[in-house]
Amino acid sequence: MISLLLLLLAGEKRNNMLEGLISLGKNLFSSEPERPLGLIEQGPITEFNNPGNIEIGQGYAGETGETYADRFATFDSPQMGIRAIAKDITTKIKRFDGNLLNIINQYAPDNENDTKTYYNFVKNKVGKNIVSEKDLPAIVQAIIIMENQPGIAEQYLNKDIFDEAIQLSKYDLDSNMGIDEARSFIRDADWYTLWTSPFTGKDS
């Protein structure tokens, strides 16, 4: 009886070792090795993808049509939510000739924010009170930090996600575009610019 039990256990160990070797072989020779999912592949960082609490009705690309708290938009991806902040701040930079205080006063009005604290935080991050579109990434980063819990803000500020969002904000997109359409649009636009620049004399 004991000998039979030992044989069974030995057979089980051999099977486990064999399965382990097969799995190792698959990982070594697979053309698409397994890897942890990154933030971009995982889907929404939060349920709403709106790190700046952008309100509905402004027609930003990437809006899903759903809302939260009765007045804030939901976006199809973190990138499109960040892009909406960047587009909003770009408009305000032009409207207020770069006056950061006026920009923050309108973005975070004092009827629902501690606007003075908000402004001082953004100003300290940017390092100036008169800003330009070159300061856009720093302003958007500061807004995301102010509007979100640290763990959520850190995910939105992931370099790949954030950089793509800022790049997307440089283009005017149709309000019906989602993240996939926006990416295709930019690829086509960049290719067209690269292809035509030798003939137009424009920088690529």
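Is Y171 buried or exposed? Y171 counts as buried, because its relative accessibility is 17% and the cut-off for buried is under 20%. The model is predicted. Three aromatic pairs are found in the structure. A pair of aromatic rings is described by the distance of the centres and the angle of the planes.

**F48 and Y68**

- The ring centres of F48 and Y68 are 4.0 Å apart and the ring planes are at 20°, so this pair is stacked; the cut-off for stacked is under 30 degrees.
- F48 sits in the loop between α2 (39–42) and β1 (63–68), while Y68 belongs to strand β1, so the pair ties together parts that are 20 residues apart in sequence.
- F48 counts as partly exposed, because its relative accessibility is 27%.
- Y68 has a relative accessible area of 14% and is therefore buried.

**Y171 and F185**

- Y171 and F185 make an edge-to-face aromatic pair, with 6.4 Å from centre to centre and 90° between the planes.
- Y171 is located in the loop between α8 (159–168) and α9 (179–200), and F185 is in helix α9, so the pair ties together parts that are 14 residues apart in sequence.
- F185 counts as partly exposed, because its relative accessibility is 33%, whereas Y171 counts as buried at 17%.

**Aromatic cluster**

- F48, Y68 and F72 together form one aromatic cluster.

Terms used
Residues are numbered from 1 along each chain as its sequence is written. This is a predicted model: local features need pLDDT of at least 70, side-chain atom pairs count only at pLDDT 80 or more; totals for chains, interfaces and linings use all residues. Side-chain values use heavy atoms; hydrogens and water are left out. Rings of Phe, Tyr and Trp (its six-membered ring) pair if their centres lie within 6.5 Å; planes under 30 degrees apart count as stacked, over 60 as edge-to-face and the rest as tilted. Helices (H or I, at least four residues) and strands (E, at least two) are DSSP runs, numbered from the N terminus. Buried means under 20% relative accessible area, exposed over 50%, partly exposed in between (1.4 Å probe, protein chains only).
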